[in-house]
Structure formats: C-alpha cells, structure tokens
Amino acid sequence: MFTQVKLPYAFAALEPHIDALTMETHYGKHHASYTANFNKAAEMAGFQDKDAVWILSNLDSVSDPAVRTALKNNGGGYYNHNLYFSQLSPNPAHEPAGQLAEKINSTFGSLENLKAELTKLASGQFGSGWAWLAANANGDIMISASPNQDNPISEKTGYIPILALDVWEHAYYLKYKNLRGDYLKSLFEVIDWNIITENYNAIIK
Ligand code: MN3
C-alpha cells in the first residue's frame, strides 16, 4: 500500500513563500488522489508488492494500455509529490554539502548557475509538468523537464530525481496566479539542500 510522505511541518509553515491553502489543497487533495488511484492501478496490475521506482521503470510490462497509463500518471503523481513535499522545510539549508556540492560546481559551475538553468527549464515547460535535478549511481547529475506526471524514471534516463520543481498550476495558481517565475523564486527559498544532499547520497554507489 502506497502512502503519502508525512509532512514534518504544518501547512502554514512555508508562508509566505508557499501559502497554507495551496499546501493543504496540493497535499490533501491532489497528492491524496494520485496516491489512491496509484494503489488501485497497482492492484489491477498485480504490482502491490513492488516499489514505485520499479513500477515506473517497468511500465512496458503492463499489457492493458489503460492500466499502464493509470500507473504512469498516478504512480508518477504519487512519487513526484512525495519527493516535492519531502524536500521542503521552514528552516532550509540553502546550500548542498559534500560530494553533491562538488559535483554541482564541476557540472554547472556554481549553485547559482544550476538554479538559473533549472529555473529556465521549469519556466519553459509548456503546460503542466516538472523540472528535475537527477543523479545516477555513478554520481553524475543532470537537469531535465517532463510533461504531466512523467519523470526521469518513467522516461528511462537511468537517473533518479533528487530535487523536484512542480510547475503544474495547482502548485502555485492560488497565490501566484500566472506568475510561474515568482513561484519558482519563492520555492527555492524553502528547498532544503540538506535533504537534496541526502537524496543524492542515497543514490550514489
Ligand atoms: Mn503537484
């Protein structure tokens, strides 16, 4: 049974960057519904005992196209939001540490440059979707964007996302209306780089 990550902060704790009503709706309605629908689809596919990364890596093995689509959309929605909500904090570290910090500098020049490149991808994602910082087992990192609830796992890139920028309008419209750029700037204020560093360390071998 797939369950939503427990939030270690209150819905209002990320104010003024992310407002309480958006958090409550996003987590309590959108994420809850992806999770419930993922559980139903996983059961239909006989995947109740698999983990989400395995399921998103093995969508091709599902013969029923409706079940495959339900797994991709709701499994992605479940997984992507668990990553999104768990990386946020009212008291975030603003810089990565250790190997990830070194890797960001060698790959992107600086953290500021990485954030600028990532913001460009997230701003340019047409319609609903996500932008990612992702890593592979060798410790390489890359940035990318995905439509809908796709991610670097369902896209078979060989990378696992370690930072998630949700650019569906439901993530920002109540407070920021059409100003996706303002939302992204605020979102970075509550992204905890200690957690991104932990996510990276958990992936590298
Ligand atoms: Mn969302």
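**A polar contact and its surroundings**

Reply: We start with one contact in this predicted model. The side chains of Q149 and Y34 are joined by a polar contact of 2.9 Å.

Me: Is Q149 buried or exposed?

Reply: Q149 sits in the loop between strand 2 and strand 3. Buried means under 20% relative accessible area. Q149 has 2% relative accessibility, so the label is buried.

Me: Which residues does Q149 touch, not counting residues up to four places away in sequence?

Reply: Y34, the partner in the 2.9 Å polar contact, is among them. One donor of the manganese ion, H81, is also touched.

**The manganese site**

Me: Which residues are the protein donors of the manganese ion?

Reply: The donors lie 1.9 to 2.1 Å from the ion. Along the chain they follow the spacing H-x54-H-x84-D-x3-H. The residues and atoms are H26 (NE2), H81 (NE2), D166 (OD) and H170 (NE2).

Me: How many residues apart are H81 and H170?

Reply: Both H81 and H170 are buried. H81 belongs to helix 3 (residues 65-86), while H170 is in the loop between strand 3 (160-166) and helix 6 (173-176). The pair links distant parts of the chain, and the separation is 89 residues.

Me: How many bridges pair strand 1 with strand 2?

Reply: Strand 1 (residues 129-135) and strand 2 form a hairpin with five residues between them. G139 in the turn has a positive phi of about 95°. G129 has P147 as its bridge partner, and W130 stands opposite S146. The antiparallel pairing of the two strands runs over seven bridges.

Me: Which kind of aromatic pair do Y27 and F85 form?

Reply: Y27 lies in helix 1 (residues 20-45) and F85 in helix 3, so the pair ties together parts that are 58 residues apart in sequence. Y27 counts as buried at 14% relative accessibility, and F85 does at 0%. The centres are 5.4 Å apart and the planes are at 85°. Planes over 60 degrees apart make a pair edge-to-face, and Y27 and F85 are edge-to-face.

Me: Which kind of pair do W130 and W132 form?

Reply: Both W130 and W132 are buried. Their ring centres are 5.2 Å apart, with 10° between the planes. Planes under 30 degrees apart count as stacked, and W130 and W132 are stacked.

Me: Which residues form the aromatic cluster?

Reply: The cluster takes in Y27 and F85, and also W130 and W132. The complete set is F11, Y27, Y84, F85, W130 and W132.

Key: Residues are numbered from 1 along each chain as its sequence is written. This is a predicted model: local features need pLDDT of at least 70, side-chain atom pairs count only at pLDDT 80 or more; totals for chains, interfaces and linings use all residues. Side-chain values use heavy atoms; hydrogens and water are left out. Donors are N, O and S atoms within 2.8 Å of the metal (3.2 Å for Na, K and Ca); water is not among the atoms, so sites may look incomplete. Helices (H or I, at least four residues) and strands (E, at least two) are DSSP runs, numbered from the N terminus. Buried means under 20% relative accessible area, exposed over 50%, partly exposed in between (1.4 Å probe, protein chains only). Two strands pair if DSSP finds at least two bridges between them. A polar contact is a pair of N or O atoms within 3.5 Å; within protein, one must be able to donate a hydrogen and the other to accept it, and residues adjacent in sequence count only if both atoms are side-chain atoms. Contact means heavy atoms within 4.5 Å. Rings of Phe, Tyr and Trp (its six-membered ring) pair if their centres lie within 6.5 Å; planes under 30 degrees apart count as stacked, over 60 as edge-to-face and the rest as tilted.
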